[in-house]
Amino acid sequence: MTTAACCACLTSCLPWDKGGGGPTDEPARPAAAGELDGVWLTGEDENDSILTINDDQVYFTESQSGEGDTCEGTVVNGLIQLESCERNGGRVFTERSAHALLQGDDLRLTWVSGEQETYTPMLDVAGRE
């Protein structure tokens, strides 16, 4: 299956792709080149995740607390692959790949396990304070 076909399939079955299913009525869509660049947060708490994307390089921090693995990898055609992770704390972060879609200003990740996360651009989170 091609990446484009995979993303199209994934987009059509995500719960937030249905009107009213997410914070915006915009449908989730694959990101164009460069649209994922920036710092993304799942929230403002120390247990929330941070995702930094620059070109095709990805840097992921599971949480800002002492229990948060850090990983590096790449993103190509909306598929994030974490190639290496450093363990920080007792639990091991086992996810290694996720599909990324944009919906409005939010980044939606669906990890291979099926877990879904919503990331907001760091500037949006900081602007709400």
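**Strand S7 and its surroundings**

In the hairpin of S7 and S8, four residues sit between the strands, and Gly-114 takes a positive phi near 105°. This comes from a predicted model. Across the pair, Leu-107 stands opposite Tyr-119 in S8.

The hairpin of S6 and S7 has two residues between the strands, and in it Gly-104 takes a positive phi near 65°.

So how much of S7 is tucked away? Six of its six residues are buried, so the strand is largely enclosed by the rest of the structure. Asp-106, Arg-108 and Thr-110 point one way from S7, while Leu-107, Leu-109 and Trp-111 point the other way, and all are buried.

Two of those leucines turn up again in the largest nonpolar core, which has 18 residues: Leu-107 and Leu-109, along with Leu-51, have the most contacts inside it. The elements giving two or more residues to this core are S2 (50-54), S3 (57-61), S4 (70-76), S5 (79-86), S6 (97-103) and S7 (106-111). In soluble globular proteins, nonpolar side chains tend to be buried together.

The largest pocket has a volume of about 180 Å³. Its lining includes Ala-31, Ala-32, Ala-33, Asp-55 and Gly-78. Overall, the lining residues split into six nonpolar, three polar and three charged.

Definitions and conventions. Residues numbered from 1 in each chain as written. Predicted model: local features only at pLDDT ≥ 70, side-chain atom pairs only at ≥ 80, totals over all residues. Heavy atoms only, no water. Core = buried A, V, L, I, M, F, W, Y, C linked by side-chain atoms within 4.5 Å. Buried < 20%, exposed > 50% of the residue type's maximum accessible area, 1.4 Å probe, protein only. 1 Å grid on protein atoms, 1.4 Å probe; cavity = no way out; pocket = protein on both sides within 12 Å on 5 of 7 lines; lining within 4 Å. Points joined across faces, edges and corners; volume = space filled by probe spheres on them. Nonpolar A, V, L, I, M, F, W, Y, C, P; charged D, E, K, R; others polar. Pairing = 2+ DSSP bridges.
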